[in-house]
Amino acid sequence: MAHPTQSGFQDAASPLMEELLHFHDHTLMVILMISTLVLYTIITMTLAKLTDMLVLDSQEIEVIWTILPAIVLTFIALPSLRILYLMDEVSDPHLTIKATGHQWYWSYEYSDYENLEFDAYMIPTQDLTPGQFRLLEADHRMVIPVESPIRALVSAEDVLHSWAHPRPGIKVDAIPGRLNQTTFMASHPGVFFGQCSEICGANHSFMPIAIEAVPLPHFENWTSLMIEDA
Amino acid sequence: MLHLTTGRVGSLLAQRVTAALTSSSVRMASHGHEVAANEDLSQPMYWDSTNVPLPDRRYKVTLSSEDERLKQKEKGPWDQLSKEEKLALYRLSFSQTFSEMNQPSAEWKTVVGTIFIFLGLTGLIVWWQKVYVFPKPPRTFDDEWQAKQLQRMLEMRMNPIEGISSKWDYEKGQWK
């Protein structure tokens, strides 16, 4: 999660999010350059002592300040499209998990090998132990093996929800009657929190998602335990 | 229904006749297309402006006899005019000099002062809100909880690359 007063992105937990962070840096740099130029122009024009009363138009500069922004925009558009298409690549996932949104909790099904299903409700604020994260902790975490491509199929049972976590860079809408697919990979172990990102009723802010990426042996332990408990 | 009634015929004819007699093409055709005159019918004005420095008229319109004498002297060689006379002649023609026109005013003090007053008022309202309106924040905002939360974030290695966990030295148990 973000530390208090954090205004930038959280660290990336997947290669795709890393790409997005770099793209964001690149775009912000372009914006910074443009803003500096505009600010400089405003200041020099405001503080100029003399006024040219006879300037009506100038075709040359009009051409320049049309062509130049078009070029700058291609510099932004091409990396953006690259990442867009990168997102759509399916990379032979090792595991498929279905995440279904309900009012107001998520349910996960791991049906590749054994039928493993569980619900994940938010831990209410009054039930938190000191140090736990308010509105982010869930009673069950979606555990995945680290460094394995995972296919997530996202849908909803009742109304629109959205399965989103900033660190792996995932946001997939959960639409009733539709299966949306995304593939992602956790680059390092850890717990990645996310929150429902499509308004879905009274407790829309209170249905978080917690993904826990663990090494494969730990994952296998966990699945065995979960299946025993079921 | 589009019936050609008498009324409609009448109005159509009237429109045709009016156009034939008064339209701009008719008027243009009735004489040569030279412009008779470009008359500027505005009244001569005086102004002080750095953009348009030469106004329509002299500043002092009615001249005293002393001024008339100066004006006559101006018609001769200018190096015979003293500095005071040159300045007096300038003041006959213009109200302000360029440096007087460009003088800054004290307006900025009013503007900045008003900004601060409004900021202060806003601050007062914000403080009053905090004391009398807002409910108590959840227990997770207590200092003790925040400290435990930060501890937990570090233990869980959250944001370990460039974020918070990367700023903590795990071996020494202190911030880097």
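Predicted model: local features only at pLDDT ≥ 70, side-chain atom pairs only at ≥ 80, totals over all residues.
Reader: Let me begin with strands. What holds strands together in a sheet?

Author: Strands of a sheet pair through backbone hydrogen bonds, and the pairing is either parallel or antiparallel. Here is a case from chain A: strand β6 (residues 161-165) and β7(A) pair in the antiparallel sense over five bridges. Within this pair, A:His161 stands opposite A:Ala174 in β7(A).

Reader: How many residues lie between the strands in the hairpin of β6(A) and β7(A)?

Author: There are four, and in this hairpin A:Gly169 takes a positive phi near 70°.

Reader: Which residues of strand β7 in chain A are on its covered face, and which on its uncovered one?

Author: Go along residues 170-174 of chain A: A:Ile170, A:Val172 and A:Ala174 make the covered face, while A:Lys171 and A:Asp173 make the uncovered one.

Reader: What is the order of the strands in the open sheet of chain A?

Author: The order is β4-β10-β9, three strands with mixed pairing. Its edge strands are β4 (142-145) and β9 (190-195) of chain A, each of which pairs on one side only. From one strand to the next, the twist averages 25°.

Reader: In which sense do β4(A) and β10(A) pair?

Author: They pair in the parallel sense, over four bridges, with β10 of chain A covering residues 208-214. To find one bridge yourself, look for A:Ile144, whose partner in β10(A) is A:Ala213.

Reader: Now for helices. How should I read one?

Author: An α-helix has 3.6 residues a turn, so residues three or four places apart point the same way. In chain B, look at helix α6 (residues 107-132). From its first C-alpha to its last, α6(B) reaches 38 Å with 26 residues, close to the 38 Å expected at 1.5 Å a residue.

Reader: Is α6(B) well covered or hardly covered?

Author: Hardly covered: the count of buried residues among its 26 residues is zero. Take B:Tyr132, found in this helix. B:Tyr132 counts as exposed because its relative accessibility is 58%, and exposed means over 50%.

Reader: Which nonpolar surface patch includes B:Tyr132?

Author: One of about 1,100 Å², whose members include B:Phe118, B:Leu121, B:Trp128 and B:Phe134 as well as B:Tyr132.

Reader: Where is B:Pro138 found?

Author: B:Pro138 is in the loop between α6 and α7 (143-155) of chain B. With 29% relative accessibility, B:Pro138 counts as partly exposed. Its C-alpha atom and that of B:Tyr170, 32 residues apart along the chain, are separated by 30 Å.

Terms used: Residues numbered from 1 in each chain as written. Chains lettered and ligands numbered in written order. Heavy atoms only, no water. Patch = residues over 30% accessible without salt bridge, like charges linked within 9 Å, V, L, I, M, F, W, Y side chains within 5 Å. Areas by Shrake-Rupley, 256 points an atom, 1.4 Å probe, with all protein chains shown as cover. Salt bridge = Lys/Arg side-chain N within 4 Å of Asp/Glu carboxyl O. Helix = DSSP H or I, 4+ residues; strand = E, 2+ residues; numbered from the N terminus. Buried < 20%, exposed > 50% of the residue type's maximum accessible area, 1.4 Å probe, protein only. Pairing = 2+ DSSP bridges. Expected span 1.5 Å × (residues − 1). Axes fitted to C-alpha atoms, helices over the stretch in contact; angles between N-to-C directions.
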